[in-house]
Amino acid sequence: MIKTENLSKTYRTDEIETTALDGLNMKVDQGEFVAIMGPSGCGKSTLLNIIGLLDSPSSGRYYFLDKDVSAYNERERALLRKSNIGFVFQSFNLIDELTVFENIELPLLYLDIPKAERKTRIDTIMDKMQISHRGGHFPQQLSGGQQQRAAISRAVIANPKLILADEPTGNLDSRNGKEVMMLLSDLNASGTTIIMVTHSQHDAGYSHRTINLLDGKMLAENFGNLSYNNAL
């Protein structure tokens, strides 16, 4: 589903050049749950942005759904992204001026889904996420756990092939964090591919495989209790 070949990303200003990714090679198959870990500044978020078609690499290749999308322009990336990828963020990224129902509805509006079908889908997902009673509320009227449930609902409402989660439990207490991880696990069990950036070893334990990054390179890869260290 996803493959990178010698993927690199460099940011330049007049005075400094920063390498965020340095010749990264990785592959994610359909239906996998992959965690990406590493210290701050190691390239995790940059990698997630490229995988999510929010940014493009400086060099190397990125294949998404068997297409080389490395050189896609913003319009091409947006068209591919909106029907295939859902995002879950640490800060929820809900729109304060919209109700929970309206926030969840946004991806369906972008896809021109008819109104009756939108309502059916939204009612179904809110019921599944146990936030039906909050549909008419605004984000700031919800607890952190409820906001993340709304954000996950928005991410999955268009039935994307891939969910990208960036520190999805970072702003939650342990109980709500566990509930969110169980929701992501359930989505993965139903066939959705999930790639999650996390600092939490506990959260990474929900994944099938953990990729550890350091200085923009893959340092190690863990499969369950097995570990492959690229440095050896």
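This is a predicted model: local features need pLDDT of at least 70, side-chain atom pairs count only at pLDDT 80 or more; totals for chains, interfaces and linings use all residues.
Residues are numbered from 1 along each chain as its sequence is written, and side-chain values use heavy atoms, with hydrogens and water left out.

Leu164 sits in strand S7, residues 162-166. Strands (E, at least two residues) and helices (H or I, at least four) are DSSP runs, numbered from the N terminus. Is Leu164 buried or exposed? With a relative accessible area of 1%, Leu164 is buried. Here buried means under 20% relative accessible area, exposed means over 50%, and partly exposed is in between (1.4 Å probe, protein chains only). Leu164 and Met196 are 32 residues apart along the chain, yet their C-alpha atoms are separated by 5.9 Å.

Now for strand S3. Five of the five residues of S3 (residues 33-37) are buried, so this strand is largely enclosed by the rest of the structure. Phe33, Ala35 and Met37 point one way from S3, and Val34 and Ile36 point the other way. What does S3 pair with? Two strands pair if DSSP finds at least two bridges between them. S3 runs parallel to S8 (residues 193-197), with four bridges joining them, and S3 also pairs in the parallel sense with S9 (residues 209-214) over four bridges. Val34 has a bridge partner in each: Ile195 in S8 and Arg209 in S9.

| Strand pair | Bridges | Direction |
|---|---|---|
| S3 and S8 | four bridges | parallel |
| S3 and S9 | four bridges | parallel |
| S1 and S4 | five bridges | antiparallel |

The S1 and S4 pair belongs to an open sheet of four strands in the order S2-S1-S4-S5, with antiparallel pairing. Its edge strands are S2 (17-28) and S5 (67-68), each of which pairs on one side only. S1 covers residues 2-12 and S4 covers residues 59-64, and Lys3 stands opposite Tyr63 in S4. At 17% relative accessibility, Thr10 counts as buried. Leaving out residues up to four places away in sequence, Thr10 touches Glu17, Thr18, Thr19 and Ser58.

Time to zoom out. The protein chain has seven helices and eleven strands. Its radius of gyration is 18 Å, close to the 17 Å that the globule rule gives for 232 residues, so the chain is as compact as a globular protein of that length. (The radius is taken over C-alpha atoms, and the rule is 2.2 Å times the number of residues to the power 0.38.) The C-alpha atoms fill a box of roughly 55 × 40 × 35 Å, taken along the principal axes. Of the 232 residues, 49% count as buried. Among contacts with a separation of 6 or more, 66% come from residues 24 or more positions apart.

Conventions: Contact means heavy atoms within 4.5 Å.
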